[in-house]
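Please look over the structure below with its charged side chains in mind. The points that follow take up the salt bridges.

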Amino acid sequence: MVTVIDTTALKLTPRHPEKQSRADSDVLPKPAWLRVRAPGSPGYLETRQIVKSHGLTTVCEEAACPNIGECWSVKHATMMIMGDTCTRACAFCNVRTGMPGALDAAEPEHVAEATFKLGLAHVVVTSVDRDDLDDGGAEHFAQTIRAIRQRCPATTIEILTPDFLRKDGALEIVVAAKPDVYNHNLETVPSRYQTVRPGARYFHSVRLLQRVKEIDPTIFTKSGIMVGLGEERNEVLQVMDDLRSADVDFLTIGQYLQPSRKHHAVMRYVPPDEFSGYEKVALTKGFLMVSASPLTRSSHHAGDDFARLKAARAALSR
């Protein structure tokens, strides 16, 4: 369980001020298939030291990812740019909310240097939502991509961006920097948006992914949802159809895990066999890649998945 009180500051400040007035929700006991080992391997500690020495934020830590021990043990960390404070207040997310500070102009170079020191063949870069910026942080994403390309020319780059809602031209700035994979998560089914993701619009997110392919068909597109938030099976299947209509290549489906009692409750733990069923259906709908399991997350095994994506595309072109 992750606390919603930040005890590292000079005074106690709420990590999620908008959630403090909510009643505590019940927490379902985790089933055996969701239990993971606590992090602490030598590789994990080395990765943590590299990240901290460059003053970087990772979504692995901020979102309390259950796979952090596994990923960091092999030096796979997902960089989170533009600070640690998000302007949105999604009911599922553990990232701090509030008014962010100014952008760090040196951050793109810091991310590139950390990528080099970690020896990453494939790096994933995400961010908080920055609705306070005119371009939503699009140019900062582009600068980070270019900095990594210059420092690590052999490294492939995957980005996981916000929706850039009401930020005309922002998407085009990011796509022009030519990431290898463009990921934007739908997070849940349309009927749950008002409760789970109230600051976003489902069809805007679908259209964003479609627009990436229209601008540059060579870029792989990717999206993911969580289950266990009260969705119905037929709604998940409709999301698959909507994403395929947008020509999305890669779908991820994972179990929602509740960060604290103030966050949206887990309505159900979906058993592994249902995830396997979703994966089989999604593949028949034409996705190049599908990853569906209780512990699936957007950047989990991203490097291996990118190699499989390229192989799947090559097979289609033969």
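**Note on the salt bridges**

1. This is a predicted model. In it, Asp163 is buried, at a relative accessible area of 1%.

2. The side chains of Asp163 and Arg88 form a salt bridge, with 2.9 Å from N to O. Arg88 sits in the loop between strand 5 (85-86) and strand 6 (96-97), while Asp163 sits in the loop between strand 8 (156-160) and helix 6 (170-176). The two residues are 75 residues apart, and the pair links distant parts of the chain.

3. A second salt bridge joins the side chains of Glu158 and Lys222, at 2.7 Å from N to O. Because Glu158 is in strand 8 and Lys222 in strand 10 (residues 220-227), this pair ties together parts 64 residues apart in sequence. Glu158 and Lys222 are both buried.

4. Lys213 and Asp249 also meet through their side chains in a salt bridge, again with an N to O distance of 2.7 Å. Lys213 belongs to helix 8 (residues 202-215), and Asp249 to the loop between helix 9 (233-245) and strand 11 (250-255). This pair, 36 residues apart, likewise links distant parts of the chain. Lys213 counts as buried at 8% relative accessibility, and Asp249 is buried with a relative accessible area of 6%.

5. In the whole structure, the search finds 21 salt bridges.

Definitions and conventions: Residues numbered from 1 in each chain as written. Predicted model: local features only at pLDDT ≥ 70, side-chain atom pairs only at ≥ 80, totals over all residues. Heavy atoms only, no water. Salt bridge = Lys/Arg side-chain N within 4 Å of Asp/Glu carboxyl O. Helix = DSSP H or I, 4+ residues; strand = E, 2+ residues; numbered from the N terminus. Buried < 20%, exposed > 50% of the residue type's maximum accessible area, 1.4 Å probe, protein only.
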